[in-house]
Amino acid sequence: ASARPQRLARRLRMRADASMENRIVYCHGLPGSPDELAAFDRPLPSNIVALDRLARQGETYEARVLSAFDMLDLEGPSTVAGFSLGAMAAIHIAARRPSRVRKLVLISPAAPLELGDFLPAMAGRPVFEAAQRRGASLRLLSTAQWIASWLAPSATMDLMFRTSSRSEKVLCIMPRFRAAVIGALRRCTGSAFAAYRDELRAFVQPWQTVVDAVQCPVEIWHGDADTWAPLAMAQALRARLGDRASLNVCEGLGHYSTLDAVSRKWG
């Protein structure tokens with residue numbers, strides 16, 4: 001009988017170890033939110049820990065991201081996943097907190113603009129160009145997006161995905177997906193605008209040296225029909241990271257549909 005508590009404690013330790021090994025810290029896209037994965041019609045995997053970087057304070061973008069990660073106070077190293085512009089946050093975490101990151105998973109990643117001539121092929125080009133100009137351009141554009149998201153959400157959604165692949169348009173039929181995308185846009189152009197603006201400005205500035213500081217293994221997943229972040233971005237990241245990275249091209253998939261496909265493996 002005295003051995004039973006020891007066996008039980010051993011089982012609990014094994015479960016905790018397995019939980020840490022499978023744990024994924026998820027960095028959402030932009031516009032996006034920590035509950036982004038709930039946009040798909042399936043239960044959210046229990047091993048996902050969502051990072052709410054837009055809710056943190058910090059003098060710089062990097063400080064905000066690292067503060068959000070440190071506040072999770074996780075035991076042991078984790079896999080860190082970043083979707084779209086969330087890839088930049090995931091890369092910063094891996095570069096600045098190397099002992100706490102087991103592996104990076106980058107999904108439909110937005111790469112540093114200095115790695116190639118990507119902007120002409122990006123659906124969000126007007127937003128990024130406004131961030132480059134600084135001044136009032138981004139504020140005015142974001143205000144227009146915020147108003148449109150409230151007054152004409154369906155038209156806003158259709159405009160956002162007008163050039164998207166068929167796989168994306170299938171997702172757009174789902175009420176849950178539409179609500180999640182519009183909700184994220186409202187938050188980023190409304191209550192979280194300051195953090196949203198700072199993140200966009202950080203993205204359009206040079207940050208390839210942060211990529212160079214990543215030492216852990218990196219998985220990159222990208223759809224060949226992505227019109228938000230061109231496949232060339234993933235290819236440039238793979239080339240920059242060298243042998244540390246592998247690139248998985250998802251045939252026929254777009255931006256969010258690649259996230260849908262990859263996150264299905266996490267349950």
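Analyst: A cavity is a set of points, on a 1 Å grid over the protein atoms alone, where a 1.4 Å probe fits but cannot get out; a residue belongs to a lining if it has an atom within 4 Å of a point. The model is a predicted one, in which local features need pLDDT of at least 70 and side-chain atom pairs count only at pLDDT 80 or more, while totals for chains, interfaces and linings use all residues. Residues are numbered from 1 along each chain as its sequence is written, and side-chain values use heavy atoms, with hydrogens and water left out.

User: Which residues line the largest cavity?

Analyst: The lining consists of Pro-31, Gly-32, Ser-33, Glu-36, Ala-39, Phe-177, Ala-180, Val-181, Ala-184 and Tyr-256. Each of them is therefore a residue with an atom within the stated limit of a cavity point. Helix H8 (residues 175–189) gives the most, with four residues; helices (H or I, at least four residues) and strands (E, at least two) are DSSP runs numbered from the N terminus. Pro-31 lies in the loop between strand E1 (24–27) and strand E2 (48–51), and a cis peptide bond, with omega about -5°, joins Leu-30 to Pro-31.

User: How is the lining of the largest cavity divided by class, and how much space lies in the largest cavity?

Analyst: Ala, Val, Leu, Ile, Met, Phe, Trp, Tyr, Cys and Pro count as nonpolar, Asp, Glu, Lys and Arg as charged, and the others, Gly among them, as polar. On that basis the lining has seven nonpolar, two polar and one charged residue. The space is about 70 Å³, a volume being what probe spheres set on the grid points fill, with points joined across faces, edges and corners. Three cavities reach 30 Å³ or more.

User: What makes an open space a pocket, and what is the volume of the largest pocket?

Analyst: A pocket is an open set of points with protein on both sides within 12 Å along at least five of seven lines. The largest pocket has a volume of about 670 Å³. Of its 29 lining residues, Ala-123, Gly-124, Val-127, Gln-145 and Met-160 are closest to its centre. By class, that lining has 21 nonpolar, six polar and two charged residues. The second largest pocket holds about 150 Å³, and its lining divides into five nonpolar, three polar and five charged residues. Among its 13 lining residues, Ile-24, Thr-79, Lys-103, Val-105 and Trp-266 lie nearest its centre.

User: Why is Ser-167 given its accessibility class, and what does the side chain of Ser-167 reach?

Analyst: Buried means under 20% relative accessible area, exposed over 50%, and partly exposed in between (1.4 Å probe, protein chains only). Ser-167 has 18% and is therefore buried. Its place is in helix H7 (residues 166–172). A polar contact is a pair of N or O atoms within 3.5 Å; within protein, one must be able to donate a hydrogen and the other to accept it, and residues adjacent in sequence count only if both atoms are side-chain atoms. The side chain of Ser-167 reaches the backbone oxygen of Gly-252 at 3.2 Å, and it makes a polar contact with the side chain of Ser-257 at 2.9 Å.

User: What makes a group of residues a nonpolar core, and which residues have the most contacts inside the largest one?

Analyst: The members must be buried Ala, Val, Leu, Ile, Met, Phe, Trp, Tyr and Cys residues joined through side-chain atoms within 4.5 Å. The largest core has 58 residues, and Leu-104 and Phe-203 have the most contacts inside it. Helix H3 (residues 86–96) contributes the largest share, eight residues. A second, separate core of 27 residues includes Ile-48, Leu-171, Met-174 and Leu-259.
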